[in-house]
Amino acid sequence: DFLPAEVDGPVLQTSGGASLRLGDAAVNAESSGAELSTEDVEDYASDVGVDGGESYFFTRGIYDFEVYGIPAGAQASVVIPQLAAIPPDAVYRKFSADDGWQNFIEDELNSVKSAPGELGVCPAPGAGDFEDGLQEGYFCLQLTLEDGGPNDADGEANGVIKDPGGIA
């Protein structure tokens, strides 16, 4: 069971009755979708007083969304169709107003998976097609995030997961 959220291009999906909305950086950029440019993120970082400079190259897009409508401290999965195939040696980078850019932290409650899919078309969250890690040549990314966990940009178990980030 999933709820799609229309963006400027790919459709993001989330699981378990959760909903998606634009994140703070996307709202700051006056974006009509969750996809952002590196410049949009740097502008947002400047506005909140964090170094938004990044030595990584984001070729697959940066997305800023919030998952809401979940119990405090729960997990949610989000599927993000990629604008191009995942490159070799890719990492998922996250941005927070407190720490700037960092790598996605994987543990028993937070994971990065990918599936072959095709440009703009991905399986639903939790589908068996997803494999651990970022697989070169695949078009679909699934993030499983813990509310209040190390990848929730607001750091609070409050029923909202904030996730600006992208494949670099």
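View 1. Buried means under 20% relative accessible area, exposed over 50%, partly exposed in between (1.4 Å probe, protein chains only). This is a predicted model: local features need pLDDT of at least 70, side-chain atom pairs count only at pLDDT 80 or more, and totals for chains, interfaces and linings use all residues. Residues are numbered from 1 along each chain as its sequence is written, and side-chain values use heavy atoms, without hydrogens and water. Glu-66 sits in strand 5 (residues 62–68) and Lys-162 in strand 12 (residues 160–167), so the bridge ties together parts 96 residues apart in sequence. Strands (E, at least two residues) are DSSP runs, numbered from the N terminus. Lys-162 is partly exposed, at 22%.

**View 2. Asp-163 forms a salt bridge with Lys-94**. Their closest N and O atoms are 2.1 Å apart. The pair joins strand 12 to strand 7, 69 residues apart in sequence. Asp-163 is buried at 0%; Lys-94 is buried at 2%.

**View 3. Asp-132 forms a salt bridge with Lys-113**. The closest N and O atoms lie 3.8 Å apart. Asp-132 is in strand 10 (residues 131–132) and Lys-113 in strand 9, 19 residues apart. Asp-132 is exposed at 58%; Lys-113 is partly exposed at 24%.

**View 4. Tyr-92 and Phe-104 form an edge-to-face pair**. Ring centres are 5.9 Å apart and planes stand at 80 degrees (pairing needs centres within 6.5 Å; planes under 30 degrees apart are stacked, over 60 edge-to-face, the rest tilted). Tyr-92 is buried at 3%, Phe-104 at 9%.

Key:
Phe/Tyr/Trp six-rings, centres within 6.5 Å; stacked < 30°, edge-to-face > 60°. Helix = DSSP H or I, 4+ residues; strand = E, 2+ residues; numbered from the N terminus. Salt bridge = Lys/Arg side-chain N within 4 Å of Asp/Glu carboxyl O.
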